[in-house]
Amino acid sequence: MERPELPLPQLHAFVVLAEELHFGHAATRLGIAQPPLSQQIRRLEDKVGYALFSREPGRIALTPAGRELLPAARHALTDLADGLTAARQVGSGRAGRLRIGFAASVALTVLPGLLRTFRGRFPAVDLDIREMTTTPQLAALREGSIDIGLLREPPAHDAELGFETVLDEPFVAVLSASHPLATQRAVRVEQLANCPFVLLPRTVGPSLYDQITNLCIAAGFTPQVTQDAVEWQTVCALVETGLGVSLAPESIRRIRLKGVAFRRIEPNAARTRVAVAWRKSDSNPLVPRLRAAFHQDPPDGPRRRPNQ
């Protein structure tokens, strides 16, 4: 297919003259004198190979070739104008696509409020939301398959990624409603020493897993993990059946299962962090806009803590 080489000023001049059918009026609209307009039309006709206008004293009209070219010329100019508008919106961070990974428990805390805030301000942005545990999120950020991560217990340092804590929350004990400790308002961690545990595998969130096991070790025992599950809802469902107990972020209380009891733990000084993560080298202007949304309207969730 032959690639047309038609300068945009010539197409623009052609469309305006086709609408006005008067050189003087068309030149005024274009903000140029009549001789340059005539030159533009002549050059375009030379490229087409045929006259686009019939010229008679006091009257011009489109030729059949001109009538055929006019819709395509209008289409090209409209498409370019639309493309420029879209490019400017994307370049300014008001449109485009943003891929967000999130840990399941974050859907119970900051995610709903964040998305409401962000979509309210940037309705033209296409959001691609993907549920992922922490370890896959870190890998996806590094390889560029997501732009933003919302995860728990990020690494302390990372050369490629940036992290900002957006909230923290205490832990709770997750018990079957029929468990003897469920009758208490609060549970001491050491009271769980002889209970089997249901936890997320360490591979999906090493820092969170270690934080939970360290809580137990500080209480004088190593938890005996007899069952694991990759989602907190599954952890709670397994606890409901009596397969074990668990320690989980407080937001897990929002998972409503009749047979599960959530109890405050003592001591309750430990906190688990939720962080927003991004590639330091990312030039997508939507990334800082989403990060800024955390500071403009605090999303739903437990207590926030200062930026780190």
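In this predicted model, a polar atom of the N284 side chain lies 2.9 Å from the backbone nitrogen of L286. N284 is located in the loop that runs between β12 (271-279) and α9 (286-296). With a relative accessible area of 17%, N284 falls under the 20% limit and is therefore buried. Leaving aside residues up to four places away in sequence, N284 touches R97, L98 and D147.

One of these contacts, L98, also belongs to a nonpolar core of 25 residues, in which L127, L150 and F294 are likewise found. This core lies apart from the largest nonpolar core, which has 37 residues. Within the core of 37, the residues that touch the most other members are L175, L192, F197, W232, L247 and I252. Two or more residues are contributed to it by each of β6 (161-176), β8 (196-199), α7 (206-218), α8 (232-240), β10 (246-249) and β11 (260-266).

The surroundings of F197 include L192 and L247, both also listed among the residues with the most contacts to other core members.

Helix α1 comprises 13 residues, 8-20. From its first C-alpha to its last, α1 reaches 18 Å, close to the 18 Å expected at 1.5 Å a residue. Its buried residues are Q10, L11, A13, F14, V15, V16, L17 and A18. L21 follows α1 and has a positive phi, near 50°.

Conventions. Residues numbered from 1 in each chain as written. Predicted model: local features only at pLDDT ≥ 70, side-chain atom pairs only at ≥ 80, totals over all residues. Heavy atoms only, no water. Helix = DSSP H or I, 4+ residues; strand = E, 2+ residues; numbered from the N terminus. Expected span 1.5 Å × (residues − 1). Buried < 20%, exposed > 50% of the residue type's maximum accessible area, 1.4 Å probe, protein only. Core = buried A, V, L, I, M, F, W, Y, C linked by side-chain atoms within 4.5 Å. Contact = heavy atoms within 4.5 Å. Polar contact = N/O pair within 3.5 Å; in protein donor to acceptor, adjacent residues only side chain to side chain.
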